[in-house]
Amino acid sequence: MHGEYKVPGGKLVVVDLETRDGVLADVRVAGDFFLEPDEAILAIDRALEGAPADTDASGLAARIDAALPPGTQMYGLTTEGIGVAVRRALAHATDWTDYDWQLVHEPPRSPALHMALDEVLTAEVAAGRRPPTLRVWEWGAPAVVIGSFQSLRNEVDPEAAERHGFQVVRRISGGGAMFIEPGNTITYSLSVPDALVQGLSFTDSYAYLDDWVLGALGDMGVKAWYQPLNDIATDAGKIAGAAQKRMVTGEGAVLHHVTMAYDIDADKMTDVLRIGREKLSDKGTRSARKRVDPLRRQTGLPREAVIERMIGSFRDRYGLTDGLVTAEEMARAEELVAAKFGTREWTARVP
């Protein structure tokens, strides 16, 4: 069995192993990390040898920690990351490069239609009728997108939303509210087979699916990192938030979507959104304006150029073929708008 895992902000860990009588055997750990002293790599292999095959990543890390020589130094590597690579090997997880990725980047769509397309395309990936897909959104109208479990009245000031021309929609994933202005926002979705995140915890899957965009931002001069559970941050502040939804039909699939602030009208945002003091306090800031630092200021690039470079970075890493939403997928999405995402019953399902 073979497993790979890129440690967030670090290096690639590769594990090859077998199982015999319910325990790990013939374990070999490799990768492009740095490790001192040399004999530490043998200690890692020995620590994993004989471990029960159902040991979780934390338990495997504990075995390694106890076996490492005194003074061991790891660079680009963590014992937890080794544990995750083992779990991915045991789960027969796939890798990004195992797939033929498709790009969908189409003209602006209504907020409700975007919500429906996420559900439809991810369901098609789960059913095996669509390849793994990177969809870059273009927004047809300003919107507030609330999380699946958020209270409508607690998150949005309806009078301010109407005054500023914002539509309010609810997505299928959890997480917080997204403040959307078409020219100021970059949003993308990944619809991926469940096999891609096998062996990863829920938290680890966020970091794993965000890693490519951190590389893309780095190429644009933005030093960004994953901040648990679902933010992408820089020294100057948050630049993006992610959310996920797991689909268990067919072979299973994961929807991972991210909204990035290219620019922001902080006064309008705080007028439309009801951002509570408790939410601000756990971010270490007193002002909603200081929570977000736009990509426009950090890159100095037009929005379209940022998107183009993000797509180019993904294509260089994993390959990417231009595609589109099929007529059948669009028809199903429009049905979902009429029956679900465009209805008051869905939007206000948590009043």
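This is a predicted model: local features need pLDDT of at least 70, side-chain atom pairs count only at pLDDT 80 or more; totals for chains, interfaces and linings use all residues.
The structure holds 15 salt bridges, and a few others deserve a stop.

Select Glu106 and Arg109 next, whose side chains meet in a salt bridge of 2.8 Å, N to O. Glu106 counts as buried at 17% relative accessibility, whereas Arg109, at 22%, counts as partly exposed.

Now display Lys340 together with Glu119, a salt bridge in which the closest N and O atoms are 2.9 Å apart. This pair links distant parts of the chain, since Lys340 lies in helix 12 (residues 327-341) and Glu119 in helix 4 (residues 111-127), 221 residues apart. Glu119 is buried, with a relative accessible area of 17%. Selecting Lys6, Asp211 and Arg317 then shows one network, joined by salt bridges that share partners.

Finally, select helix 11, residues 303-318, where 16 residues at 1.5 Å each should span 22 Å, in agreement with the 23 Å between the end C-alpha atoms. Its buried residues are Arg303, Val306, Ile307, Met310, Ile311, Ser313, Phe314 and Tyr318; they cover an arc of only 155 degrees around the axis, and therefore sit on the same side of helix 11. They pack against several elements, including strand 11 (185-193) and helix 7 (202-219). The face turned away from the buried side carries the exposed residues Glu304, Glu308 and Asp316. Gly319, which follows helix 11, has a positive phi near 85 degrees.

Methods: Residues are numbered from 1 along each chain as its sequence is written. Side-chain values use heavy atoms; hydrogens and water are left out. Helices (H or I, at least four residues) and strands (E, at least two) are DSSP runs, numbered from the N terminus. The expected span of a helix is 1.5 Å times one less than its number of residues. Buried means under 20% relative accessible area, exposed over 50%, partly exposed in between (1.4 Å probe, protein chains only). The arc is that of the directions from the helix axis to the C-beta atoms. Contact means heavy atoms within 4.5 Å. A salt bridge is a side-chain nitrogen of Lys or Arg within 4 Å of a carboxyl oxygen of Asp or Glu.
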